[in-house]
Amino acid sequence: MAYLIIVLAAYLLGSSSMAYWLSLIKKVDIRKNGSGNLGASNATVLFGWGAGVIVAVHDIGKAVLAVLLAKLLFPELEYAGAAAGVACVLGHIFPFYLKFKGGKGLASFWGMILALNWKVALVMLALGLVITVVTDYISLAALSICVTAPVGIWLTTGGIVVPLILCIATVVMIFKHIENIRRILNNTEIGLRSTAKGEKRMK
């Protein structure tokens, strides 16, 4: 019952969408423009870097908060933090009040790892930055982070349960990035440098 409460509460927290709120303020439906994604990258394309930063901080912060609150309120539950983190990421990707169409989860996933193990999170951040700079594709960085983070947690802690819980979010994120992978293979994916110039991502 405790885990059910944790998962539901974290999911609701994760469903909070700053990108959607900003789109209401800007009177531009972010779900029908740019990539249609409710995340920091699309907010940057449509509303500028300032909006992108606000969305990223929000999405990271809610995952950090979900993990830390679960650990604080349920210290007797060994996997409370991991369960809350994954539920928060899933809430971000599948918000119930937006027909379960949200973001792709990168910022919230990284926020979850930051709260669970900051050392692994910093390594993942460095890895993501390098991959983004070298390839110009944020989506490749996202895939690298979500795949390697559970391995990093396993190598640093020796436990296997938490990494397996994290893999739930990993599988969902891979599924959400299938279209990006196809566009990269077809050489039609818009890279970060093009985004910085104001070009919009393909749907």
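I take a residue as buried when its relative accessible area is under 20%, and as exposed when that area is over 50%. The model I consulted is a predicted one.

**Entry 1: aromatic rings**

I next checked accessibility for both partners. Tyr20 has 17% relative accessibility and therefore counts as buried. Tyr97, with a relative accessible area of 35%, is partly exposed.

Tyr97 also forms an edge-to-face pair with Phe96, at 5.3 Å centre to centre and 75° between the planes. For Phe96 I noted a relative accessible area of 43%, which means that this residue is partly exposed. Taken as a cluster, the residues linked by ring pairs are Tyr11, Tyr20, Phe96 and Tyr97.

**Entry 2: Ser108**

I turned to Ser108, which is found in helix α6. Is Ser108 buried or exposed? Its relative accessibility is 0%, so I recorded Ser108 as buried.

I then listed its surroundings. Apart from neighbours within four places in sequence, Ser108 is in contact with Asp59, Lys62, Ala63, Val89 and His92. For Asp59 I noted a further detail: its backbone oxygen lies 2.9 Å from a polar atom of the Ser108 side chain.

Key:
Residues are numbered from 1 along each chain as its sequence is written. This is a predicted model: local features need pLDDT of at least 70, side-chain atom pairs count only at pLDDT 80 or more; totals for chains, interfaces and linings use all residues. Side-chain values use heavy atoms; hydrogens and water are left out. Buried means under 20% relative accessible area, exposed over 50%, partly exposed in between (1.4 Å probe, protein chains only). Rings of Phe, Tyr and Trp (its six-membered ring) pair if their centres lie within 6.5 Å; planes under 30 degrees apart count as stacked, over 60 as edge-to-face and the rest as tilted. Helices (H or I, at least four residues) and strands (E, at least two) are DSSP runs, numbered from the N terminus. A polar contact is a pair of N or O atoms within 3.5 Å; within protein, one must be able to donate a hydrogen and the other to accept it, and residues adjacent in sequence count only if both atoms are side-chain atoms. Contact means heavy atoms within 4.5 Å.
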